[in-house]
Every structure is written in structure tokens, then in C-alpha cells.
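Let's take a walk through a protein model together. Have the sequence beside you and turn the picture around as you read.

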Amino acid sequence: MSPYIRWYNDRKNFYKIFAERWAAWAEDVELSPLEATGMSKFFKPIAKRFGLTQYFVELGVLAE
């Protein structure tokens, strides 16, 4: 396995876990619309780069 593929898979797993933890945390707090929009903007390019768009939508960190 090439170093890039290893890096890509490690990053993809890192962002999946990060999004899961953020979604769990966000369920327990009242986020302002600005905060929710900001996090959605943070996660959108990550989702596109790592093929996680559908997963992030299911978690609720991205709007459809």
C-alpha cells in the first residue's frame, strides 16, 4: 500500500470519528444557526474529498 493511500485511509477514519463525536456533542447543546452553518461549511469539503457526504448527512452534520 502506498504512503498516500495509507494517509488517505487514516484521514478518512479520523474525520469519520471526528464527525461522530461532534454530532453526539451537538445533540446535547443548543447551537445557534450560525454555529450549525459554520460546522456544516467545515465538514462539506472534507465530505467531498473523502467520499463521506452521505455518511455526514446521515449523522446530521451536513444538510442534504
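## The overall layout

Starting at the N terminus, the elements of the chain run α-α-α. That makes three helices and zero strands, where helices (H or I, at least four residues) and strands (E, at least two) are DSSP runs, numbered from the N terminus. One thing to keep in mind is that this is a predicted model, in which local features need pLDDT of at least 70, side-chain atom pairs count only at pLDDT 80 or more, and totals for chains, interfaces and linings use all residues. Residues are numbered from 1 along each chain as its sequence is written, and side-chain values use heavy atoms, with hydrogens and water left out.

Along the principal axes, the C-alpha atoms of the chain fill a box of roughly 45 × 20 × 15 Å. The chain has 64 residues, and 22% of them count as buried. Here buried means under 20% relative accessible area, exposed means over 50%, and partly exposed is in between (1.4 Å probe, protein chains only). As for contacts (heavy atoms within 4.5 Å), take those in the chain with a separation of 6 or more: residues 24 or more positions apart account for 57% of them.

## How α1 meets α2

At what angle do α1 and α2 pack? The angle is about 145°, and their axes are 11 Å apart. Those axes are lines fitted to C-alpha atoms, for helices over the stretch in contact, and the angles run from 0 to 180 degrees between N-to-C directions. The crossing of α1 past α2 is left-handed, that is, the near helix is turned anticlockwise from the far one by less than a right angle (clockwise would be right-handed).

You can pick out the residues that do the meeting. From α1 come Y4, W7, Y8, R11, K12, Y15, F18, A19 and W22, and they face M39, F42, F43, I46, R49 and F50 of α2.

## The nonpolar core

A nonpolar core is a set of buried Ala, Val, Leu, Ile, Met, Phe, Trp, Tyr and Cys residues joined through side-chain atoms within 4.5 Å. Which members of the largest one touch the most others? They are F43, F56, V61 and L62, out of 14 residues in that core. The elements giving two or more residues to this core are α1 (3-27), α2 (33-50) and α3 (53-59), and α1 gives the most, with five. In soluble globular proteins, nonpolar side chains tend to be buried together.

Now zoom in on F56. Skipping its neighbours within four places in sequence, F56 is in contact with Y15, K16, A19, F43, I46, A47, V61 and L62. S40, in helix α2, also contacts V61 and L62, along with A63, again leaving aside neighbours within four places.

## Rings and charges

There are 14 aromatic pairs in the whole structure. Rings of Phe, Tyr and Trp (its six-membered ring) pair if their centres lie within 6.5 Å, and planes under 30 degrees apart count as stacked, over 60 as edge-to-face and the rest as tilted. W22 and W25 make a tilted pair, 6.5 Å centre to centre with 50° between the planes. These two are three residues apart in helix α1, so about one helical turn separates them. W22 counts as buried because its relative accessibility is 14%, while W25 is partly exposed at 47%.

Some charges sit over rings too, meaning that NZ of Lys or CZ of Arg is within 6 Å of the ring centre and within 35 degrees of the ring normal. The charged end of R11 is over the ring of F14, 5.4 Å from its centre. K16 lies over the face of Y55, at 5.1 Å from the ring centre.

## From the loop into α2

Where do you find L31? L31 is in the loop between α1 and α2, and with a relative accessible area of 27% it is partly exposed. Setting aside neighbours within four places in sequence, L31 contacts W22, W25 and A26. Its C-alpha atom is 36 Å from that of I5, a residue 26 places away along the chain.
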